[in-house]
Amino acid sequence: MKRIAIFASGSGSNAEKIIDTLAPLAGVEVSMVLSNNYRAGVIERARRLKVPVLLFDRSTFYETSKIVQVLQSQQIDLIVLAGFMWLVPAQLVDAFPSKIVNIHPALLPKFGGKGMFGHHVHEAVMAAGETESGITIHFVNQRYDEGQIIFQASCVITNADTPDSLEAKIHDLEHAHYPAVVKQLIFNETTDNEHHLQGDFS
Ligand code: GRF
């Protein structure tokens, strides 16, 4: 059995899509959802989908090894960040090398880094006059949005678009691709250098 843990801080629509996609499959389970935000929509979604939830605070996450211990004791194979807002600490990255993935709502390496989250990303993309944006799924290292890119998909920005409409397009792209990429990662045990899925999911 392959076990996935999802970290999310917000609504959790990506988490729900991933859980829905994997639930019918043999040999894999989403074992837990972890969140730093006790008001996050993802908590209600996880409870409805019967996935255990673990809430934690900043000091537990950054100053203890409790979260690493829980993930190890649950024999987690892949950690999926889906709208998780905190930087992942070194001890967690080191405990799960090439086993933590994130989704970013833009085409990295542009429009990434600290402060580039949610609406800020889409506002920056539009302010820069870009004619396309998209999603980037990447491995997580200790710097925001700088880990190895696994997959990207793009969408066109038209003159009629606003940051809100772009956000909706990006969410559609995320829902269409993130579950498939997670599925591919969990069932294909390859070496780090073989994780080049770019373009394979269109
Ligand atoms: C997504 O746009 C993701 O790219 C970003 O946070 C958002 C999470 O959305 N990292 P949701 O909570 O899954 O709806």
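Predicted model: local features only at pLDDT ≥ 70, side-chain atom pairs only at ≥ 80, totals over all residues.
Local features were considered at pLDDT of at least 70 and side-chain atom pairs only at pLDDT 80 or more, whereas totals for chains, interfaces and linings use all residues. Residues are numbered from 1 along each chain as its sequence is written, and side-chain values use heavy atoms, with hydrogens and water left out.

Rings of Phe, Tyr and Trp (its six-membered ring) were paired if their centres lie within 6.5 Å, with planes under 30 degrees apart classed as stacked, over 60 as edge-to-face and the rest as tilted. By this rule, the count is 11 aromatic pairs. One of them is the stacked pair of F56 and F61, with 4.8 Å centre to centre and 25° between the planes. F61 also forms an edge-to-face pair with Y62, at 5.1 Å centre to centre and 75° between the planes. Ring pairs join F7, F56, F61, Y62, F84 and W86 into a cluster.

Residues were classed as buried under 20% relative accessible area, exposed over 50% and partly exposed in between (1.4 Å probe, protein chains only). F56 is buried at 7%, as is F61 at 3%, while Y62 is partly exposed at 30%. The charged end of R58 sits over the ring of W86, 4.4 Å from its centre (cut-offs: NZ of Lys or CZ of Arg within 6 Å of the ring centre and within 35 degrees of the ring normal).

The residues around the ligand (a heavy atom within 4 Å) are S11, G12, S13, N14, G83, I103, P105, H171 and E174. An oxygen atom of the ligand lies 3.4 Å from a polar backbone atom of S11. A polar side-chain atom of H171 is 3.0 Å from a ligand oxygen atom, and an N or O atom in the side chain of E174 is 2.3 Å from an oxygen atom of the ligand. Taken alone, the ligand exposes 370 Å², of which the protein buries 83% (Shrake-Rupley method, 1.4 Å probe).

Note on methods
Polar contact = N/O pair within 3.5 Å; in protein donor to acceptor, adjacent residues only side chain to side chain.
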